[in-house]
Amino acid sequence: MRALYAVIGAFAAALLGAAQAAAQTVPAGAPGSGAPAAPGPWLTIESIAISSAGAPPPPPAAAKNGFVWDNRPGLRYGDWFQLDVRALVEGQVRSVDPDLAGEGSAFEWSRRRIGIQGSVTRYVQYEVDYGFDETDEETADWRDVFVNVRPAAFAQVQGGKFKIPFGYERLTGPRNLDFVYRSRVSDTLTPGRSIGVMFHGRAFKRLLRYEVGVFEDDGDRPPELEPIEPLPDEEPAQEGRTWAARATVSPLRLTALPGKYNSLEIGGAYTRGTVPEGRNHLQGDTVFGGEFFDRQYYTKGPRTRFGLEASWAIGPASVAAEYIVSRDAREGQGVGSEAQLDPDLPEIEGRGWYIAGTWVVTGENRDGGVNPKRPLLQGGFGAVEVTARYEQLRFASAGAPDEPPSRSPRAANVAPNGDRAWTLGVNWYVNRWVKLRVNLINETLDDPELGPAPDASSLRTVVAQFGIGF
Amino acid sequence: MVSRRVLARAMLAAVLCAGAAPAAAQTADDLFNDQTLQRMDLWVNTRDWYLLRAYPESNERYPANLKWNGQTVTNVAVRLGGMGSRSAVKPALRVDFDRYAAGRTFLGLKAISLRNSYQDPSGLRELLTMKTYRTMGLPAPRMAPVALYVNNTYYGYYIVTEEVDEPFLSRAYGENTGHLFEYRWVTYYYFEYLGTALDAYAAMYEPRTRGTESLGSLYLPVEAMIRTFSQASDADFEPAVSQYLDLNAFMRLAAAQAAIAEADGLLGNWGVNNHYLYRMNGRNLHEIVPWDASSSIRALDYPLHAGHDENVLMRRAIADPALRLLYYDTLIEAANLFDSVDAGTADASAPGWLEREASRLLGLIRPAMYADQIKPYTNDEFEAGAAEVIAFAQIRGDFVRWEARRFKPGARPVY
């Protein structure tokens with residue numbers, strides 16, 4: 001309950017603070033501010049790259065040195081130093097049906113983060129971010145810690161810990177997500193953060209954007225790998241480096257369409273890494289809770305991912321879609337026959353897609369994030385957006401279709417399973433800092449026997465999440 | 001110069017080729033056909049095979065493919081088996097067909113055991129003992145000799161054994177939905193009453209079916225049965241115990257075990273051991289199924305009353321005239337079986353059934369034994385063990401018959 005009271009208190013403070021701040025500062029993106037519309041209170045590494053890539057860093061909102069409040073607390077010393085303090089607190093109440101644990105609706109923290117970001121001269125940007133995404137505070141960790149050097153817009157180098165460039169939704173920061181949870185395919189098949197170096201840039205007037213990087217491992221999604229116990233005289237299993245590449249194009253920028261309609265972005269991405277031998281394939285998690293395809297099978301060798309993505313904000317509406325395929329190799333993991341001992345097995349393939357649409361009922365533009373025209377307590381009600389998404393994710397063997405499916409950890413044809421889900425939601429942007437999301441999610445598993453509720457034909461989750469961030 | 005090992009392998013290959021049967025329309029009876037030495041192949045990932053043997057105390061299951069008589073079953077599970085026969089060198093194995101695919105069977109079987117004959121240099125004792133029980137009409141697992149290959153390497157002589165599980169129960173009792181328990185030897189135990197605490201019974205009887213049920217559902221009838229063994233009055237003993245235990249079947253099995261000189265069975269040297277307990281669905285009646293007969297056929301003059309005084313159930317049952325008569329009649333029945341000659345043989349001195357079976361099986365398994373380089377005994381010890389069994393088969397019938405007639409109710413004393 002203390003946590004709930006804390007959130008309610010912070011919520012009220014944010015509302016009051018917003019009203020006062022509105023009288024003191026000129027919002028970024030507002031006419032005359034000189035700054036582009038902020039993509040949202042919580043900038044991602046991608047948004048840093050984007051915002052810094054196409055043009056010189058924007059001048060401070062006000063020509064004031066020292067402490068400033070420009071949507072968030074910060075320090076400004078001319079063009080050569082900028083520091084912004086960022087924070088995000090999200091909590092949620094969710095209930096599931098069937099309620100296997102008998103817990104009813106319970107409050108839990110979903111994200112608590114604090115960090116700084118800014119620039120040193122016009123050529124260096126940095127970000128440091130600490131926090132946790134789970135109820136369990138044990139998961140607290142340094143999240144993004146990186147420096148980006150930008151000698152030119154089309155040739156930048158970023159080093160440190162940050163998200164491996166793969167997946168539109170994965171690279172979207174939590175405050176800019178349209179739904180409480182990322183799609184299953186994005187949540188499950190994309191790699192997350194790792195330590196590495198990335199070359200990236202933007203060219204041809206933002207028509208093309210690219211990212212190429214090498215990272216020390218396959219990222220923190222999934223978080224825990226279980227290397228197999230080495231045999232005598234065997235080197236311990238090691239996780240190998242991951243290479244990643246992503247490119248997007250915005251073809252409508254070549255047309256004469258007004259800016260609010262030409263944001264269509266189409267892209268593709270690829271990663272290749274090596275995970276240690278063990279039961280380390282990607283696993284399928286339900287929103288409901290629990291796995292529908294757990295880490296039952298031994299893998300060894302390369303993990304590859306391939307993704308296609310498209311997103312388009314058209315005035316108050318937006319549509320986004322992704323298609324992702326992952327493959328985990330199983331070199332030498334078979335049980336053999338007269339002909340061959342320990343044969344290679346077909347890869348375990350995760351394949352999924354989603355399509356999502358949003359519409360801001362109150363008319364604000366979607367491009368760059370929804371910024372309420374008339375925030376609550378400032379003469380309005382904020383902005384309201386309705387959302388919908390359909391998605392599918394399925395895991396299976398990429399071969400051996402003639403063999404009966406099995407749960408054997410060395411099965412050639414693993415027991416497949418898939419999750420199909422639709423989500424309906426409403427987002428309420430109270431002001432630029434406070435956001436409330438409510439989602440109804442219905443999941444149907446191909447094989448409920450392998451899921452968390454074998455007797456249930458569908459799994460329903462209702463979740464209300466409120467977040468405060470600057 | 002051809003080495004003895006190569007020669008033994010060649011002989012084994014010839015025997016296996018001769019015994020190969022057509023692959024069509026095979027059944028569990030074909031698998032447990034002890035008229036031939038069968039070949040069985042297992043393939044296990046080399047890492048798993050190493051780990052299985054590196055941790056002999058573990059019951060971890062590993063995936064495998066199994067091939068028998070031209071049929072390959074993929075994605076079976078193997079684990080180390082056995083208690084006294086547990087070995088990392090020549091592992092006894094349990095093979096589950098349904099571990100990774102619920103409900104899957106092979107030849108109608110959920111699982112089989114591959115027993116390693118670790119404690120029996122003759123390799124014959126279990127085959128002959130279980131066959132004796134079955135021939136006498138007592139429910140007992142089927143067995144057959146096999147030459148086992150693991151990852152294309154010969155692993156030696158094994159005995160493929162029917163598991164006591166639901167398919168076995170269906171075959172033996174016509175139903176399989178009751179409570180099946182495997183007896184786990186914990187200490188010397190003689191069916192004495194252990195009190196009302198069910199944990200004491202749970203420690204000995206491990207559920208093999210319906211294991212998720214409550215302790216009371218599983219063990220209250222067991223506690224009541226064992227309490228009745230001790231507390232039923234003499235006059236009421238037979239009807240009272242018969243509510244919980246098929247006493248006639250128990251007496252016949254005890255007699256058969258005495259006849260075959262089973263030193264580690266219901267009335268053996270280590271107390272109660274080596275059996276399953278099955279309670280019919282919806283009833284309190286229990287049946288006993290024998291298991292692991294590697295300590296049988298030990299002594300030509302193994303006493304027919306071994307364990308009677310120590311074992312509460314046997315001490316009281318043998319005091320019942322009808323049950324006592326049944327016990328001795330069954331002993332004589334076993335003795336007659338041991339000595340029965342072929343129907344077409346007029347010569348009464350011709351080898352009896354037990355000797356004929358022992359000799360036949362010996363001829364069958366000898367090539368497999370000789371080619372087996374990891375068995376924990378020498379070929380000479382194998383031959384010596386086999387000779388003991390043959391001698392037992394020749395003499396035991398007369399001994400049992402003689403002793404049984406001495407003690408049978410109403411029999412004239414024999415001096």
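Colleague: Is R252(B) buried or exposed?

Modeller: R252(B) is buried, because its relative accessible area is 19%, and buried means under 20% relative accessible area, exposed over 50% and partly exposed in between, with a 1.4 Å probe and protein chains only. This is a predicted model in which local features need pLDDT of at least 70 and side-chain atom pairs count only at pLDDT 80 or more, while totals for chains, interfaces and linings use all residues. Residues are numbered from 1 along each chain as its sequence is written, chains are lettered from A and ligands numbered from 1 in the order in which they are written, and side-chain values use heavy atoms, with hydrogens and water left out.

Colleague: Where is R252(B) placed, and which residues is R252(B) in contact with?

Modeller: R252(B) belongs to helix 9 (residues 247-259) of chain B. Helices (H or I, at least four residues) and strands (E, at least two) are DSSP runs, numbered from the N terminus. Apart from neighbours within four places in sequence, R252(B) is in contact with M136(B), L138(B), L326(B), T330(B) and E333(B); contact means heavy atoms within 4.5 Å.

Colleague: Turning to the nonpolar cores, how many residues has the largest?

Modeller: The largest nonpolar core has 93 residues, and Y327(B) and L331(B) have the most contacts inside it. Helix 12 (residues 353-371) of chain B gives the most to this core, with ten residues. A nonpolar core is a set of buried Ala, Val, Leu, Ile, Met, Phe, Trp, Tyr and Cys residues joined through side-chain atoms within 4.5 Å.

Colleague: Which residues does Y327(B) touch?

Modeller: Not counting residues up to four places away in sequence, Y327(B) touches M251(B), A254(B), A255(B), A258(B), L304(B), H308(B), M314(B) and I318(B). A second, separate core of 33 residues includes L231(A), A64(B), V76(B) and V146(B).

Colleague: What about A346(B): buried or exposed?

Modeller: A346(B) counts as exposed, because its relative accessibility is 81%. A346(B) lies in the loop between helix 11 (321-339) and helix 12 of chain B.

Colleague: How many helices and strands has chain B, and how many has chain A?

Modeller: Chain B has 13 helices and eleven strands, whereas chain A has three helices and 20 strands. Buried residues make up 56% of the 415 residues in chain B and 51% of the 470 residues in chain A.

Colleague: What box do the C-alpha atoms of chain B fill?

Modeller: Along the principal axes, the C-alpha atoms of chain B fill a box of roughly 70 × 60 × 35 Å.

Colleague: In chain A, which peptide bond is cis?

Modeller: The bond from D97(A) to P98(A) is cis, with omega near 5°. P98(A) lies in the loop between strand 3 (81-97) and strand 4 (106-120) of chain A. Most residues other than glycine have a negative phi, and most peptide bonds are trans.

Colleague: What is phi of F204(A), and what is phi of D233(A)?

Modeller: Phi of F204(A) is near 55°, and D233(A) has a positive phi of about 65° although it is not a glycine. F204(A) sits in the loop between strand 8 (193-203) and strand 9 (208-215) of chain A, and F204(A) is exposed, with a relative accessible area of 63%. D233(A) is in the loop between strand 9 and strand 10 (242-249), and at 85% relative accessibility D233(A) counts as exposed.
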